[in-house]
Amino acid sequence: MIAALLLLLPLPLLLYMAAPRIREMLSSGVCTSPVQLPGKVAVVTGANTGIGKETAKELAKRGARVYLACRDVQKGELVAKEIQTKTGNQQVLVRKLDLADTRSIRAFAQGFLAEEKQLHILINNAGVMMCPYSKTVDGFEMHMGVNHLGHFLLTHLLLEKLKASAPARVVNVSSLAHFLGRLNFHNLQGEKFYNAGLAYCQSKLANVLFTQELARRLKGSGVTTYAVHPGSVNSELTRYSTFMTCMWWLFSCFLKTPEQGAQTSLHCALTEGLERLSGEYFSDCRVGWVSAQARNETVARRLWDVSCDLLGLPLD
Ligand SMILES: NC(=O)c1ccc[n+]([C@@H]2O[C@H](COP(=O)([O-])OP(=O)(O)OC[C@H]3O[C@@H](n4cnc5c(N)ncnc54)[C@H](OP(=O)(O)O)[C@@H]3O)[C@@H](O)[C@H]2O)c1
């Protein structure tokens, strides 16, 4: 017994020493595309921090005009300055977008459509995780409202511009957590039962299903779409959960940096020849596995119709 304990004693030290190597293994997947983006226009939601900020920075570095679509414009302006300084690209613009308010989403889209002739890359990145039960301005459960419905509406409003700018791409940042998600159509707004973790998983499953259905509907349009799992990334995402914040802190040496977390989004936005994989789910810059429910076309169609209904969009 004592001998076994003595053998286990150096384990934490060994783990600590091996952490950089383990993190390297867990963060495989680097966007190697050499594509440059002069004259191209990109929108990144939730670009004031974390994965979104790093995604926007790389797009700016490659010469795109990048819109940081943020709910906190002041934070966004600071980040825009930082990106401008680091990349030398002055075409980094901040616009207000609160995905928890459909009026804000419509105002953002209206402003963007009036301002820009083209849109080549839309990165639906913003997200919330494990918030206490709350609703958006329009009465949607917060995870469903921000992570799925907000991006669903935004994409709808920008779709004609994307088609007119083809080839164009839509990247939806989902998560491996979609595996634990179930689309509970009888309790979509969490009114009968609510669990913050499951609500997050459900919204991330909705991201994957939305991507598949969107790809089917966009076939032949020149606009393609991809769902992404960025990996486990050291960001502010855990802010609403003390438990997750502690776990993230404890395992921080194994987590990806936000820059590493941005690689799969960048891969899907930039890599040439990915068009035939429209609708797929990517992880570590490769096509990844999705759950059985995430492959269910009937559920994807139903989610599309329900989302249109909730948002007052015409069914087509
Ligand atoms: N981190 C991970 O390990 C991980 C794993 C799998 C998937 N993901 C996904 O990756 C994406 C980016 O997450 P992250 O890790 O970079 O988290 P983060 O650092 O918390 O960034 C989230 C971004 O979303 C924005 N946001 C939240 N609510 C919004 C709203 N109502 N309207 C507009 N923007 C809003 C935040 O803005 P504020 O700063 O103003 O709040 C922030 O810019 C999310 O979709 C997340 O689900 C992350």
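This is a predicted model: local features need pLDDT of at least 70, side-chain atom pairs count only at pLDDT 80 or more; totals for chains, interfaces and linings use all residues.
At what angle do the axes of H6 and helix H11 cross? Residues are numbered from 1 along each chain as its sequence is written.

**Figure 1. Packing of H6 with H11.** The axes of H6 and helix H11 (residues 297-311) cross at roughly 80° and come within 10 Å. Here axes are lines fitted to C-alpha atoms, for helices over the stretch in contact, and angles run from 0 to 180 degrees between N-to-C directions. H6 is therefore roughly perpendicular to H11; angles of 65 to 115 degrees count as roughly perpendicular, those under 35 as roughly parallel, those over 145 as roughly antiparallel and the rest as oblique. Leu 149, Phe 152 and Leu 153 of H6 form the contact with Ser 307, Leu 310 and Leu 311 of H11 (two residues are in contact if their C-beta atoms, placed from the backbone, lie within 7 Å). By class, this contact of H6 with H11 has five nonpolar residues, one polar and no charged. Ala, Val, Leu, Ile, Met, Phe, Trp, Tyr, Cys and Pro count as nonpolar, Asp, Glu, Lys and Arg as charged, and the others, Gly among them, as polar.

**Figure 2. Packing of H7 with H11.** Helix H7 (residues 196-218) packs on H11 at an angle of about 95°, and their axes are 9 Å apart. H7 is thus roughly perpendicular to H11. On the H7 side the contact comprises Ala 206, Leu 209, Phe 210, Gln 212 and Glu 213, and on the H11 side Val 299, Ala 300, Arg 301, Leu 303 and Trp 304. Seven of the residues in the contact of H7 with H11 are nonpolar, one is polar and two are charged.

**Figure 3. Packing of H5 with H6.** The axes of helix H5 (residues 102-115) and helix H6 (residues 142-164) lie 10 Å apart, at an angle of about 20°. H5 is therefore roughly parallel to H6. In H5, Thr 102, Ile 105, Arg 106, Ala 109 and Leu 113 meet Gly 150, Leu 153, Leu 154, Leu 157, Leu 158 and Lys 161 in H6. The contact of H5 with H6 has seven nonpolar, two polar and two charged residues.

**Figure 4. Residues around the ligand.** Among the 28 residues around the ligand, Gly 46, Gly 50, Ala 126, Gly 127 and Ser 235 come nearest (a residue is near a molecule if its C-beta atom, placed from the backbone, lies within 6 Å of it). Helix H3 (residues 50-61) gives the most to this shell, with three residues. Helices (H or I, at least four residues) and strands (E, at least two) are DSSP runs, numbered from the N terminus. By class, the shell has twelve nonpolar, twelve polar and four charged residues.

**Figure 5. Backbone details in two loops.** Most residues other than glycine have a negative phi, and most peptide bonds are trans. A cis peptide bond joins Ala 166 and Pro 167, with omega about 5°. Pro 167 is found in the loop between H6 and strand E5 (168-173). Met 130, a residue other than glycine, has a positive phi near 55°. Met 130 is placed in the loop between strand E4 (121-124) and H6.
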